[in-house]
Amino acid sequence: MAGAHSRSPPVPGEDVKPFTPEKTKEIVMSLQQPAVFCNMVGDWPALHWNAKYLSAVLDGKTIQFRLGLKTVDLVPQFETRCSYVEATLEEFLAWSCGQPSCLSGPFSCYEYSKYWAYADYKYIARIFEDKPEIFQDIRWSDFGFPGRGGKESTLWIGSEGANTPCHLDSYGCNLVLQVQGRKRWHLFPPGDTSFLYPTRIPYEESSVFSKVNVAKPDLKRFPEFRNTTAHIVTLSPGQVLLVPRHWWHYVESIDPITVSINSWIELDSDHEARVEEAITRMLVCAIKSAENPSDGDVWLNPTEVEATSHEINLQYLNKAVSAYFKCPKASVPEQACSSSTGAEQRTSISCKRKKREVGCEPEGCRLLTHEFGFSTFKAEKLQKIPFGPHLIQVLPQSQETSSMDAVAVESDCRDLLHENEEGHFGKSHRTGKRLVMSNDCETPAHQMDPDGSPNASQTALSTNDLLDCLVNPCVISLVARLLLERTRV
């Protein structure tokens, strides 16, 4: 298994990148399928950011860890269903090694064989605020984004089994550097949105979750999941994964300790997405706040802290609309979701999580090809992408293989990805109340009798059923288009 130091040996001229920053940015901004960059970060000091090194740098500073059960069931382990502890990286490493000192520490209630721990979405600018020089260890300028470094990145440290529920990010595209250990990524194109049963409960700005537990899908409840097209890759240290706009992803740590660094790249389409996200926030907060709360209905993600008022949400909506029209070349978007099947469906949802920063981007608002679905990215354009040993496609998984199988990209990147082997900016800093394990707040709208007919006593629709329809990505996209047309008039 690849570990913290399983990188390719130095080779002559390794400081020479396979792509110029300009070419790399062109690829990032135009490629509509996930791909892995190799041999692009060999000289980054951040490659030495294994958990032991970071523990020494943090020098006893505590960070929040999310804990979940390693047992896989049919329900996704949303953040509202997890436990949280404050601990140092030293304590986390001791726990993951089974040291006796953990019997009285913050992880004492969580047996390592049964739980995983994840310090996820940690703003590097915050956890290293007293050591700004460390920001220079991350050099996204090599990818064509000058001035972007650790200050604009987030850190992820997890134990084996730590995972992020399947979701899509409403804003931007994503660059992910793997530093220590390996992570398995299950990616699904925007066209699979309807097959992944999108939901906004739990609610979090810029994240659209799937009701399906990709690791163990409930095909009786979610039969359309069979129609998804999984792109699966195991990311190894030294590799950088491009996650294009609106690609769904489920991510799991498969080594004892994993460390990753990511940065969300803003796109011009984010202006429209912020309008959609403002509409979603208004509807979810208004309807859920009006509902009589139940003990098991934890509908806000810990990142959201509290439901904002209708007045604040309306102000946010107006600011988002205003920013949209201030953007050069802004125009009312065309119908977003014309098809509900295959990769031809364009999902125009809303995003990552530079919350309420609705001004134009510094570089101006050029319309980027991330605005469009994969089907518009013609074969002849794909042929111009320099795929090879330095840029490897994450190809669709063959239908013959299991949904948990994937291909691992070897650390020397000599093998191309195939389909047969295993294989918001970031979330807000978690300052809100901690949420302990609770039952999933979702209940199927229809429970079936043994003969397959709906049980008349259990057919009552819930508020969440209504919201799943009302804030469906396609519905919100249509509402945003109508609203922008009204505003323009």
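Asp59 is placed in the loop between α2 and β2. The phi of this residue is near 50°, a positive value in a residue other than glycine. At 66% relative accessibility, Asp59 counts as exposed, a term for relative accessible area over 50%, whereas buried stands for under 20% and partly exposed for what lies in between, with a 1.4 Å probe and protein chains only. Helices (H or I, at least four residues) and strands (E, at least two) are DSSP runs, numbered from the N terminus.

The model described here is predicted: local features need pLDDT of at least 70, side-chain atom pairs count only at pLDDT 80 or more, and totals for chains, interfaces and linings use all residues. Residues are numbered from 1 along each chain as its sequence is written, and side-chain values use heavy atoms, with hydrogens and water left out.

Helix α2 covers residues 51–58, and Ala51, Leu54, Ser55, Val57 and Leu58 are its buried residues. Seen down the axis of α2, these buried residues fall within an arc of 165°, so they line one face of the helix; the arc is that of the directions from the helix axis to the C-beta atoms. An α-helix has 3.6 residues a turn, so residues three or four places apart point the same way. On the face of α2 turned away from the buried side are the exposed residues Lys52 and Ala56.

The cover over the buried residues of α2 includes α3 (89–96), α4 (124–127), β5 (154–159), β7 (173–180) and β14 (257–265). Contact here means heavy atoms within 4.5 Å. At the start of α2, a side-chain oxygen of Asn50 comes to within 3.2 Å of the backbone nitrogen of Lys52. Such a polar contact is a pair of N or O atoms within 3.5 Å; within protein, one must be able to donate a hydrogen and the other to accept it, and residues adjacent in sequence count only if both atoms are side-chain atoms.

Helix α3 is mostly covered, with 6 of its 8 residues buried. The buried residues of α3 are Leu89, Phe92, Leu93, Ala94, Trp95 and Ser96. They pack against α2, β2 (62–69), β3 (83–88), β4 (115–123), β5 and β14. Just after α3, Gly98 has a positive phi of about 75°.

Two packed helices are described by the angle between their axes and the distance between the axes. Helix α5 (residues 270–290) packs with helix α9 (residues 473–488) at an angle of about 110°, and their axes are 9 Å apart. That makes α5 roughly perpendicular to α9. Axes are lines fitted to C-alpha atoms, for helices over the stretch in contact, and angles run from 0 to 180 degrees between N-to-C directions; under 35 degrees counts as roughly parallel, over 145 as roughly antiparallel, 65 to 115 as roughly perpendicular and the rest as oblique.

From α5, Glu272, Val275, Glu276, Ile279, Thr280 and Leu283 meet Ile476, Ser477, Val479, Ala480, Leu483 and Leu484 of α9. By class, this contact of α5 with α9 has 8 nonpolar, 2 polar and 2 charged residues, where Ala, Val, Leu, Ile, Met, Phe, Trp, Tyr, Cys and Pro count as nonpolar, Asp, Glu, Lys and Arg as charged, and the others, Gly among them, as polar.

In helix α8 (residues 463–470), Thr463, Asn464, Asp465, Leu467 and Asp468 are buried. These buried residues of α8 pack against β9 (198–199) and α5.

**Individual residues**

The table gives the accessibility of selected residues.

| Residue | State | Relative accessible area |
|---|---|---|
| Gly42 | partly exposed | 46% |
| His231 | buried | 6% |
| Tyr250 | buried | 5% |
| Tyr121 | buried | 4% |

Gly42 is in the loop between β1 (35–37) and α2. The C-alpha atoms of Gly42 and Lys17 are separated by 8.8 Å, and the two residues are 25 residues apart along the chain.

His231 belongs to strand β11 (residues 231–235). A polar atom of the side chain of His231 lies 3.3 Å from the backbone oxygen of Thr229. Beyond neighbours within four places in sequence, the contacts of His231 include Trp185, His186, Trp247 and Pro396.

Tyr250 is in strand β13 (residues 248–253).

Tyr121, in strand β4, has a positive phi of about 55° although it is not a glycine. The peptide bond from Ile201 to Pro202 is cis, with omega near 10°, and Pro202 lies in the loop between β9 and β10 (207–210).
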